[in-house]
Amino acid sequence: MTTTRQTFTLSQRLLHWLMAICILAMLFIGVGMVSTVTPAYLTLVQIHKPLGIAILVLAIVRLLLRLRYGAPALPEDLPEPIKLAAYLSHLAFYVLMFAMPLLGWGMLSAASYPIILAGGIHLPPILPLSPRLHTLLWDAHYYLAFAFFALILMHVAAALFHALIRRDGVFAAMAPVGSRDSTHVPGE
């Protein structure tokens with residue numbers, strides 16, 4: 001769904017940037033977890049689990065806002081392959097924002113590890129105990145994290161392309177604060 005607005009709503013923009021911070025933090029915490037055997041590992045795990053669930057909840061809210069308010073239309077002069085890439089990359093983001101926390105939750109469930117959130121709240125297991133399934137989900141979680149990081153790098157490159165080269169208002173549509181491109185009318 002696209003709209004005639006030139007920017008995303010304030011709530012969509014705030015959620016985008018909050019999730020960007022959370023997801024980047026999560027990826028770096030994950031790297032720290034798999035690269036250490038020190039006592040810091042337990043601290044990282046205690047941050048990683050509730051942050052993953054927070055990202056899942058934020059992804060649900062974000063999807064609902066996207067369905068409710070849509071997105072500004074891309075510039076008409078944008079080549080079709082770039083429009084397709086934008087659509088597919090956003091679809092991939094939503095898939096990964098849901099898949100990564102669910103894979104983590106499933107992986108921990110399959111290993112019978114508790115998922116403790118703030119305040120001692122325990123999440124129920126979503127899968128039965130299965131060492132084989134745990135390994136499969138761990139591998140999927142691990143390798144999809146690299147795909148997520150690559151997707152983020154491409155997203156940042158595309159944002160810079162729109163902000164610095166095309167100057168077509170696409171970056172301004174999601175900018176956390178107004179920019180001089182926010183008044184640009186595509187085709188001018």
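Is Tyr113 buried, partly exposed or exposed?

**Whole chain**

Start with everything shown as a cartoon. The model is predicted. Its secondary structure comes to five helices and four strands. Colour the chain from the N terminus onward and you can follow the elements in the order β-α-α-β-α-β-β-α-α. Along the principal axes, the C-alpha atoms fill a box of roughly 60 × 30 × 25 Å. The protein has 188 residues, and 37% of them count as buried. Among contacts with a separation of 6 or more, 69% are between residues 24 or more positions apart.

**Stop 1: Tyr113**

Select Tyr113, in the loop between helix 3 and strand 3 (115–116). Tyr113 is partly exposed because its relative accessible area is 47%, which falls between the limits of 20% and 50%. Leaving out residues up to four places away in sequence, Tyr113 touches Leu108 and His134.

**Stop 2: Leu108**

Next, select Leu108, one of the residues that Tyr113 touches. Leu108 lies in helix 3. With a relative accessible area of 15%, Leu108 is buried. Which residues is Leu108 in contact with, leaving aside neighbours within four places in sequence? They are Lys49, Tyr113 and Ile115. Show Leu129 as well: Leu108 and Leu129 are 21 residues apart in sequence, and their C-alpha atoms are 9.1 Å apart in space.

**Stop 3: helix 2 against helix 3**

Select helix 2 (40–69) and helix 3 (80–110). Their axes come within 9 Å and cross at roughly 145°. The crossing is left-handed. By class, the contact of these two helices has 13 nonpolar, two polar and three charged residues. To see the contact, show side chains on both sides. From helix 2, the residues include Lys49, Ile53, Leu56, Ile60 and Leu63. From helix 3, they include Tyr94, Phe98, Leu102, Trp105 and Leu108.

**Stop 4: Ala86**

Stay on helix 3 and select Ala86, which lies in that helix. Ala86 is buried, since its relative accessible area is 19% and the limit is under 20%. Ala86 and His155 are 69 residues apart in sequence, while their C-alpha atoms are 8.8 Å apart in space.

**Stop 5: His48**

Return to helix 2, the place of His48. His48 has 15% relative accessibility and so counts as buried. Show what His48 touches, not counting residues up to four places away in sequence: Met26, Ile29, Gly30, Met33 and His141.

**Stop 6: the second largest pocket**

Which helices each supply at least two residues of the lining? They are helix 1 (10–34), helix 2 (40–69), helix 3 (80–110) and helix 4 (131–166). Colour the lining residues of this pocket by class to finish: 26 are nonpolar, six are polar and one is charged.

Key:
Residues numbered from 1 in each chain as written. Predicted model: local features only at pLDDT ≥ 70, side-chain atom pairs only at ≥ 80, totals over all residues. Heavy atoms only, no water. Nonpolar A, V, L, I, M, F, W, Y, C, P; charged D, E, K, R; others polar. Buried < 20%, exposed > 50% of the residue type's maximum accessible area, 1.4 Å probe, protein only. Axes fitted to C-alpha atoms, helices over the stretch in contact; angles between N-to-C directions. Left-handed = near helix turned anticlockwise from the far one by under 90°. Contact = heavy atoms within 4.5 Å.
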